[in-house]
Amino acid sequence: MTHGIRADSYTPRPDGGGGLRDTAARYALLPLRIFLGVTFVYAGLDKLTDSAFLKDSGAGSIGDMMRAVRDSSAIPALVDMALESPVGFGYAIAFGELAVGIGTLLGLLTRIAALGGALISLSLWLTVSWAAEPYYYGNDLPYLMAWTPLILAGAPLLSVDAALRARRRRGTF
């Protein structure tokens with residue numbers, strides 16, 4: 001008799017029934033959604049409330065940070081574009097992070113919010129953390145990859161999206 005690890009894949013029951021394994025599979029994306037949502041809300045609020053960050057120059061300013069990473073970024077032209085109006089770019093990033101975080105936490109237009117989060121993470125990876133060596137020391141690439149499951153699956157449970165989907169199925173919307 002041979003014993004080993006099961007190599008078959010597991011698919012939860014579509015009717016939502018089943019045991020602990022089915023429940024865990026249904027809620028698998030919830031911790032990721034909460035983490036990314038809270039992190040992006042925090043990042044946006046942190047930028048908006050940091051008096052030094054939203055300035056053209058000075059210690060801790062968006063302008064000085066962008067000038068410092070310009071020559072080491074993957075796409076210097078992207079940094080040059082941001083440097084045309086560093087304060088405006090800082091506000092755009094901060095409000096973008098806030099919108100992405102709130103949308104993700106509420107599960108409101110989750111796939112669009114996740115795509116926004118991925119694009120923010122991609123732009124930060126290609127500019128600010130591109131020079132990190134080895135590459136996995138930069139934090140923006142893991143965030144980019146973490147958004148991918150939410151882009152693909154959305155927020156199927158405990159979300160505004162799920163509530164709206166249920167209302168449409170019942171025909172009350």
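Start with the lining of the largest pocket: by class, this lining has 12 nonpolar, three polar and three charged residues (Ala, Val, Leu, Ile, Met, Phe, Trp, Tyr, Cys and Pro count as nonpolar, Asp, Glu, Lys and Arg as charged, and the others, Gly among them, as polar). A pocket here is an open set of points on a 1 Å grid over the protein atoms alone, where a 1.4 Å probe fits, with protein on both sides within 12 Å along at least five of seven lines; lining residues have an atom within 4 Å of a point. Keep in mind that this is a predicted model, where local features need pLDDT of at least 70 and side-chain atom pairs pLDDT 80 or more, while totals for chains, interfaces and linings use all residues. Numbering runs from 1 along each chain as its sequence is written, and side-chain values use heavy atoms, without hydrogens and water.

The largest pocket holds about 300 Å³ of space. Now select A43, K47, E97, L124 and D140, the closest to its centre of the 18 lining residues. Next, colour α2 (30-49), which gives the largest share of the lining, four residues.

Then move to α6 (residues 110-127) and α7 (residues 140-153), which pack at about 160° with axes 8 Å apart. That angle makes α6 roughly antiparallel to α7 (over 145 degrees counts as such). Their crossing is left-handed. Show the side chains in contact (heavy atoms within 4.5 Å): among them are L115, L122 and W125 of α6 and Y143, L144 and W147 of α7. By class, this contact has 15 nonpolar, two polar and two charged residues.

Technical notes. Axes are lines fitted to C-alpha atoms, for helices over the stretch in contact, and angles run from 0 to 180 degrees between N-to-C directions. Helices (H or I, at least four residues) and strands (E, at least two) are DSSP runs, numbered from the N terminus. Angles under 35 degrees count as roughly parallel, over 145 as roughly antiparallel, 65 to 115 as roughly perpendicular and the rest as oblique. A crossing is left-handed if the near helix is turned anticlockwise from the far one by less than a right angle, and right-handed if clockwise. Grid points are joined across faces, edges and corners, and a volume is the space filled by probe spheres set on the points.
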